Amino acid sequence: MSGAVEARLAELGLTLPAVVPPLASYQPAVQSGVYVYTAGQLPMVDGKLAVTGKVGGEVTPEEAKELARTCALNGLAAVKSVAGDLDRIARVVKVVGFVASAPDFTGQPGVINGASELLGEVLGDKGVHARSAVGVAVLPLDAPVEVEFQVELTEA
């Protein structure tokens with residue numbers, strides 16, 4: 001099933017990917033009441049990370065911002081896997097982004113803007129959210145970025 005949100009993705013030249021399979025013992029997304037919580041989404045494309053390393057080191061902030069967009073797209077796929085239809089998103093409530101950072105890198109908010117901007121482009125006002133952008137020493141698989149979010153759904 002696809003609707004207005006997936007049509008908007010197509011207008012932007014984006015395709016909703018398959019849900020990234022869990023790397024450990026968890027689900028890509030779970031629903032509790034009217035909320036869907038995604039697991040941390042890595043910038044996986046076709047089952048693998050295109051880029052590894054630390055932002056501000058091996059990975060530029062601009063590359064990392066694009067990777068954060070990929071994380072958000074993977075998150076939307078995870079939401080759809082439990083909600084059935086992305087048009088059920090009433091709003092994105094909270095985004096948390098983790099940036100594997102070189103010791104002197106302090107541009108985490110700019111990196112996570114990649115995810116926030118994608119959600120805004122795709123969902124409009126429903127994509128406006130609260131957010132945290134956190135620098136960390138290392139992420140799974142040496143990923144530069146990881147993004148998770150919470151969305152509120154309309155009734156089915």
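Residues are numbered from 1 along each chain as its sequence is written, and side-chain values use heavy atoms, with hydrogens and water left out. Since the model is predicted, local features need pLDDT of at least 70 and side-chain atom pairs count only at pLDDT 80 or more, while totals for chains, interfaces and linings use all residues.

Five strands form an open sheet in the order S1-S2-S7-S5-S6, with mixed pairing (strands are DSSP runs of E of at least two residues, helices are runs of H or I of at least four, and both are numbered from the N terminus; two strands pair if DSSP finds at least two bridges between them). Strand S1 (29-32) and strand S6 (130-136) each have a single partner strand, so one side of each is left without a neighbour in the sheet. On average, neighbouring strands are turned by 15° against each other, direction ignored. S1 joins strand S2 (residues 35-38) in the antiparallel sense over four bridges, and Ala-29 stands opposite Thr-38 in S2.

Helices pack on this sheet. H2 touches S1, S2, strand S5 (89-100) and strand S7 (145-153), and its direction makes about 40° with that of S7 (contact means heavy atoms within 4.5 Å; axes are lines fitted to C-alpha atoms, for helices over the stretch in contact, and angles run from 0 to 180 degrees between N-to-C directions). Helix H3 (residues 108-123) lies across S5, S6 and S7, at about 155° to S5.

H3 also meets helix H1 (residues 4-11), at an angle of about 115° and with the axes 8 Å apart. Val-5, Arg-8 and Leu-9 of H1 make this contact with Glu-121, Val-122 and Leu-123 of H3.

Finally, the largest pocket is lined by 13 residues, of which Pro-17, Met-44, Val-45, Asp-46 and Asn-74 lie nearest its centre (on a 1 Å grid over the protein atoms alone, a pocket is an open set of points where a 1.4 Å probe fits, with protein on both sides within 12 Å along at least five of seven lines; lining residues have an atom within 4 Å of a point). Strand S3 (44-45) and helix H2 (61-83) each supply at least two lining residues, and H2 gives the largest share, three residues.
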